[in-house]
Amino acid sequence: MTNSESETRTVVVEREIPHPPEKLWRALTQPHLIEEWLMKNDFDPVVGHRFNLRGEWGGVLDCEVLTVEPHRTLSYSWNFSHEDPAYDLKSVVTFTLTPSSTGTHLRMEQAGFRPTQRQAYGGAKAGWQQFLANLEKVVAELN
């Protein structure tokens, strides 16, 4: 396997969530709920909608909704412009919801990390674990 600049890496986090896909979908697509587990945003679950995610660390992610299949699949671009190429990220985040015997199997995939972006990749691996733990808490509190 060659380590060329054209190759990208993907962060994948999967977990079983003891709630139905419909409940999880609400937390993935309603702006006030997204803010509770991810970041401040102006999200709208409409393909082509451009929005920002604003992190507590001061960064702003430029995003665009790419796929909306209610209760099944949601994807959007997740781009962070930075003068340091190690952090200048153009990626796609995809959430896949699959009903399971215990609730929902959630698969989160963030694709597009270049080989030179080891720190950003490592940060995403750790960050998504925390984001999804927060997501699970938000979903548990929904009626």
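Mentor: Before we look at partners, here is one term: two strands count as paired if DSSP finds at least two bridges between them. Keep in mind that this is a predicted model.

Trainee: Got it. So what is the bridge partner of Thr 67 in β5?

Mentor: Thr 67 has Ser 75 as its bridge partner there. Another facing pair is Glu 69 and Thr 73, the latter in β5.

Trainee: How many bridges join β4 to β5?

Mentor: There are 5 of them, and the two strands run antiparallel. β4 covers residues 60–69, while β5 covers residues 73–80.

Trainee: And what sits between the strands in that hairpin?

Mentor: The hairpin of β4 and β5 has 3 residues between its strands, and His 71 takes a positive phi near 65°.

Trainee: What about the pairing of β5 with β6, how many bridges there?

Mentor: β5 and β6 (residues 89–100) are joined by 8 bridges, again in the antiparallel sense. As an example, Leu 74 faces Phe 95 of β6.

Trainee: Is β5 mostly covered or mostly open?

Mentor: Mostly covered: of the 8 residues in β5, 7 are buried.

Trainee: Let's zoom out. In what order do the strands of the sheet come?

Mentor: The sheet is open, with 7 strands in the order β1-β7-β6-β5-β4-β3-β2, and the pairing is antiparallel. The edges belong to β1 (9–17) and β2 (40–41); each has a single partner strand, so one side of each lacks a neighbour in the sheet.

Trainee: Changing topic: which strands does α1 lie across?

Mentor: α1 lies across β1, β4, β5, β6 and β7 (103–113), and runs at about 160° to β6. α3 packs on the sheet too, where α3 touches β1, β5, β6 and β7 and points at about 15° to the direction of β1.

Trainee: At what angle do α1 and α3 pack?

Mentor: At about 120°, with 9 Å between their axes; α1 is residues 21–29 and α3 is residues 118–141. That angle is why α1 counts as oblique to α3.

Trainee: Is the crossing of α1 and α3 left-handed or right-handed?

Mentor: The crossing is right-handed. On the α1 side the contact uses Lys 23, Leu 24, Ala 27 and Leu 28, and α3 supplies Leu 135, Val 138 and Val 139.

Notes: Residues are numbered from 1 along each chain as its sequence is written. This is a predicted model: local features need pLDDT of at least 70, side-chain atom pairs count only at pLDDT 80 or more; totals for chains, interfaces and linings use all residues. Side-chain values use heavy atoms; hydrogens and water are left out. Buried means under 20% relative accessible area, exposed over 50%, partly exposed in between (1.4 Å probe, protein chains only). Helices (H or I, at least four residues) and strands (E, at least two) are DSSP runs, numbered from the N terminus. Axes are lines fitted to C-alpha atoms, for helices over the stretch in contact, and angles run from 0 to 180 degrees between N-to-C directions. Angles under 35 degrees count as roughly parallel, over 145 as roughly antiparallel, 65 to 115 as roughly perpendicular and the rest as oblique. A crossing is left-handed if the near helix is turned anticlockwise from the far one by less than a right angle, and right-handed if clockwise. Contact means heavy atoms within 4.5 Å.
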